[in-house]
Amino acid sequence: MNEKFKNFENVVFFKKPLFTGISMTNFIKKEIIKNQSISDTNAVFLLGNIMDDPLMEIDRDQYITIANPAAKRLLGNSLIGSSIYERVISDELEEKLQSCFEKKDKIGEFTATLKNNEYHQLTGRLMIINDQKAAILLMDMTLQHNLEKMRRDFIANVSHELKSPLTSLIGFVETLQNTPDIPKNTSVRFLKIMEEESKRMSRLIDDLMSLSKVEVDEHIVPTGKVFIKKVLTSAIASLNDRAQRTGHKIKFLDERKNIAEELVIRGEVDEITEVFHNLIDNALKYSHPASTITVKIRNTETGKITIDICNQGDGIEERHIPRLTERFYRADKGRSRLKGGTGLGLAIVKHITNKHRGQLIIKSVPEKETVFRIIMPYYDTALPSLIKINGRERP
Ligand SMILES: Nc1ncnc2c1ncn2[C@@H]1O[C@H](COP(=O)(O)OP(=O)(O)O)[C@@H](O)[C@H]1O
Ligand SMILES: [Mg+2]
């Protein structure tokens with residue numbers, strides 16, 4: 001082994017404790033100045049100390065000879081002297097390594113997973129140092145992999161959701177075009193279905209736009225004042241016609257200790273309205289016909305207001321509850337479609353609630369009561385860290 005290299009290995013990887021930030025950078029600078037003659041390779045391994053990605057040196061038999069702190073964090077301690085295959089699983093590494101050594105190809109790439117966690121997705125790069133040693137850099141791609149999967153699933157879901165109404169529309173248009181003597185009542189029925197399918201697509205686009213808007217600025221804390229009783233009564237009023245058609249009653253109860261007190265939260269009126277519109281709409285859709293929906297406000301926790309939307313219906317099985325706020329997740333797909341649902345309502349509710357630093361709690365006793373509870377901080381206490389700068393409030 002190269003003497004200088006050995007020296008560095010000892011100094012950097014074994015004798016020195018973990019460094020961070022400036023002290024590490026200074027240490028490296030000093031070492032490089034002290035050892036003017038260190039090779040580029042040694043400098044690279046030295047810099048491995050400040051890298052977030054695991055960097056290792058392995059010998060021709062694939063035993064680890066040097067490992068930076070990030071490698072130890074990801075692959076475990078006692079790395080030196082162990083085989084790389086004790087720590088990672090890769091179908092490609094051995095072949096890539098041999099071919100790089102034999103063909104004198106300097107660089108190769110491979111994919112791998114962790115031996116003790118196969119869900120961890122890694123991309124590795126290997127570089128031949130000399131005819132006995134190779135450097136391996138591992139990059140954790142799990143997050144990118146999961147995001148990519150989410151993106152693919154989302155596009156597949158949106159396409160699927162749009163495809164069904166579109167197929168139905170195209171079918172009816174063709175039938176109407178190719179049947180000149182179609183009876184009046186049949187064409188009226190077809191047009192009614194076409195109208196419903198078009199509205200379903202329009203609702204889906206509206207919900208997708210709402211979702212993308214709220215996702216983009218979820219980190220921005222709203223600054224407006226929302227008079228919550230006003231929002232609730234107007235959401236109820238806007239759905240009253242529909243409620244009457246199905247024989248439903250929507251009851252509003254103010255159970256606060258001091259009901260005369262003005263109830264204000266910090267937020268965007270349109271977004272808060274959308275939350276309660278979606279929740280009352282769901283309560284109407286998924287409850288027993290002609291039952292009563294109760295919208296109840298209480299001040300249970302100090303500094304917080306609780307708004308419950310309660311309905312009687314089939315309810316939701318426990319196993320579905322944690323997944324209801326995922327995009328396009330429905331407890332009962334057929335029923336949601338029949339009711340014209342997009343499967344995005346609760347995803348929008350969750351994002352808006354998060355943005356307002358609130359909480360959504362779902363409780364359901366099948367065949368009895370289902371409660372969607374929103375907990376929001378009051379206007380005064382919403383952002384205790386707000387300070388006034390030039391007369392304006394800033395976080
Ligand atoms: N009040 C409720 N009672 C029973 N199930 C509900 C209720 N609200 C929502 N759900 C379930 O949650 C699913 C997701 O709701 P949501 O995101 O609003 O989509 P949808 O467009 O289907 O209404 C619904 O499909 C339904 O299965
Ligand atoms: Mg809904």
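Biologist: In the predicted model, which residue of E6 is the bridge partner of Leu 122?

Modeller: In this predicted model, E5 and E6 pair in the antiparallel sense, with 7 bridges between them. The two strands form a hairpin with 4 residues between them. Within this pairing, the partner in E6 that bridges to Leu 122 is Asp 140.

Biologist: Which residue of E5 is the bridge partner of Thr 113?

Modeller: E4 and E5 are joined by a hairpin through 2 residues. Their pairing is antiparallel and extends over 8 bridges. The residue of E5 that bridges to Thr 113 is Gln 121.

Biologist: Which residue in E6 does Met 56 stand opposite?

Modeller: Strand E1 covers residues 55–59 and strand E6 covers residues 133–140. These strands pair in the antiparallel sense over 5 bridges. In E6, the residue opposite Met 56 is Ile 136.

Biologist: Which residue of E13 is the bridge partner of Ile 305?

Modeller: Strand E11 spans residues 304–312, and strand E13 spans residues 369–377. The two run antiparallel and are joined by 9 bridges. In E13, Ile 305 has as its bridge partner Met 376.

Biologist: How many residues of the contact of H8 with H9 are nonpolar?

Modeller: The axes of H8 and H9 come within 9 Å and cross at roughly 35 degrees, and the crossing is right-handed. Contact residues of H8 include Val 231, Leu 232 and Ala 235, while those of H9 include Val 269, Ile 272 and Phe 276. The contact has 4 polar and 2 charged residues. The number of nonpolar residues is 11.

Biologist: Are H7 and H11 roughly parallel or roughly antiparallel to each other?

Modeller: The axes of H7 (residues 184–216) and H11 come within 10 Å, crossing at roughly 25 degrees. The crossing is left-handed. In the contact, Asp 207, Ser 210, Leu 211, Val 214 and Glu 215 of H7 meet Ala 347, Ile 348, His 351, Ile 352 and Lys 355 of H11. Angles under 35 degrees count as roughly parallel, and the two helices are therefore roughly parallel.

Biologist: How many charged residues does the contact of H9 with H11 have?

Modeller: The axes of H9 and H11 come within 9 Å and cross at roughly 145 degrees, in a left-handed crossing. Among the residues making the contact are Glu 271, Glu 274 and Asp 281 of H9, together with Ile 348 and Val 349 of H11. The contact has 5 nonpolar and 4 polar residues. Its number of charged residues is 3.

Biologist: Which helix supplies the largest share of the shell around ligand 1?

Modeller: Ligand 1 is surrounded by 19 residues, of which the closest are Arg 330, Ala 331, Ser 336, Gly 341 and Gly 345. By class, the shell divides into 7 nonpolar, 10 polar and 2 charged residues. H9 (269–285) and H11 (345–355) each supply at least two residues of the shell. The largest share, 3 residues, comes from H9.

Technical notes. Residues numbered from 1 in each chain as written. Chains lettered and ligands numbered in written order. Predicted model: local features only at pLDDT ≥ 70, side-chain atom pairs only at ≥ 80, totals over all residues. Near = placed C-beta within 6 Å. Nonpolar A, V, L, I, M, F, W, Y, C, P; charged D, E, K, R; others polar. Axes fitted to C-alpha atoms, helices over the stretch in contact; angles between N-to-C directions. Left-handed = near helix turned anticlockwise from the far one by under 90°. Contact = placed C-beta atoms within 7 Å. Parallel < 35°, antiparallel > 145°, perpendicular 65-115°, else oblique. Pairing = 2+ DSSP bridges.
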